[in-house]
Amino acid sequence: MSAIISQHFLFSASVLSSIPTNTATYTVVMNGVRTRKQAAFVQQDGAKLNGHADPKDRQLQAPEQQENIFLFYPNIIGYSRIVLAIASLYYMPLHPRTCSLLYSISCLLDALDGVAARHFRQSTRFGAVLDMVTDRCTTSCLLVFLSSAFPRWALLFQGLISLDFASHYMHMYATLAMGDSGQSHKKVEKGRSRLLHLYYNNK
């Protein structure tokens, strides 16, 4: 319990210290998801993609365009995390040890999917959103159960749920307002916030 509380307060404090003073208009385009290799390919041959490419170049582009991001290794790991989380929630009121084991494996896979994304160069916006949503849902479900199991501490757990959602929303909003909509919210430089940099890179 103390680990969950300290983690939430550390993240929230770092978010509040990194929010910019001025906001800007931003746009998020979710249907324009590309892998890093695809983005580099498009930037390199931008002129050729405007209808001036020769047949050989079009043949080279075809394999890149046919990539199915939903079957990338990091996203498959993300799907397995969801299955393990659902199983742990099922066993939560019945078998605490089984629940703890399944929940712990799901948390360990949270670190593995990032390693796989960097190793195979399969970082996508879909994967980043899937990872963040899975984290928020599993954490919320755990805190809801703890609220019912320990009614005396229900107010504390409810506050942690609110803090978790609010802090991540503010961080995402600040990232977009600063014009970083094309990058992951986990890419935080030391100059912006040392606490956030430590939170996202100390894994």
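Arg136 lies in helix α6 (residues 125-149), where helices (H or I, at least four residues) and strands (E, at least two) are DSSP runs numbered from the N terminus. Arg136 is buried, with a relative accessible area of 12%; buried means under 20% relative accessible area, exposed over 50% and partly exposed in between, with a 1.4 Å probe and protein chains only. The model is predicted: local features need pLDDT of at least 70, side-chain atom pairs count only at pLDDT 80 or more, and totals for chains, interfaces and linings use all residues. Residues are numbered from 1 along each chain as its sequence is written, and side-chain values use heavy atoms, with hydrogens and water left out.

**Overall fold**

- The protein chain comes to 8 helices and 0 strands, in the order α-α-α-α-α-α-α-α along the sequence.
- Of its 203 residues, 33% count as buried.
- Among contacts (heavy atoms within 4.5 Å) with a separation of 6 or more, 70% are made by residues 24 or more positions apart.

**Surroundings of Arg136**

- Not counting residues up to four places away in sequence, Arg136 touches Asp164, Phe165 and His168.
- The side chains of Arg136 and Asp164 are joined by a polar contact of 2.9 Å. A polar contact is a pair of N or O atoms within 3.5 Å; within protein, one must be able to donate a hydrogen and the other to accept it, and residues adjacent in sequence count only if both atoms are side-chain atoms.
- Asp164 and Arg136 also form a salt bridge, with the closest N and O atoms 2.9 Å apart. This pair links distant parts of the chain, as Asp164 is in helix α7 and Arg136 in helix α6, 28 residues apart.
- Asp164 is buried, and so is Arg136.
- Ile161 is 25 residues from Arg136 in sequence, and the C-alpha atoms of the two are 8.8 Å apart in space.

- The structure holds 4 salt bridges, each being a side-chain nitrogen of Lys or Arg within 4 Å of a carboxyl oxygen of Asp or Glu.
- Asp131 forms a salt bridge with Arg81, the closest N and O atoms lying 3.0 Å apart. It connects distant parts of the chain, with Asp131 in helix α6 and Arg81 in helix α4, 50 residues apart.
- Asp131 has a relative accessible area of 6% and is therefore buried; Arg81, at 3%, is buried as well.
- Arg81 forms a salt bridge with Asp135, at 2.6 Å between the closest N and O atoms. Here Arg81 in helix α4 and Asp135 in helix α6 are 54 residues apart.
- A network of salt bridges links Arg81, Asp110, Asp131 and Asp135.

- Asp113, in helix α5, is buried yet has no salt bridge; the nearest side chain of opposite charge, Arg81, is 4.4 Å away. For charge, Lys and Arg count as positive and Asp and Glu as negative, while His and the chain ends are not counted.
- Leaving aside neighbours within four places in sequence, Asp113 is in contact with Pro74, Ile77, Arg81 and Asp131.

- Helix α5 (residues 96-119) has 24 residues and reaches 35 Å from its first C-alpha to its last, close to the expected 34 Å. The expected span is 1.5 Å times one less than the number of residues.
- Buried residues of α5, including Cys99, Leu102, Tyr103 and Asp110, pack against α4 (73-91) and α6.
- Among the buried residues of α7 are Phe157, Leu160, Ile161, Asp164 and His168.

**Positive phi angles**

- Arg121, in the loop between α5 and α6, has a positive phi of about 55° although it is not a glycine. Arg121 is exposed, with a relative accessible area of 53%.
- Gly179, which follows α7, has a positive phi near 85°.

**Aromatic pairs**

- The count comes to 4 aromatic pairs. Rings of Phe, Tyr and Trp (its six-membered ring) pair if their centres lie within 6.5 Å; planes under 30 degrees apart count as stacked, over 60 as edge-to-face and the rest as tilted.
- The ring centres of Phe70 and Phe126 are 4.9 Å apart and their planes are at 75°, so the pair is edge-to-face.
- Phe70 lies in the loop between α3 (55-65) and α4 and Phe126 in helix α6, so the pair ties together parts that are 56 residues apart in sequence.
- Phe70, at 44% relative accessibility, counts as partly exposed, and Phe126 counts as partly exposed at 24%.
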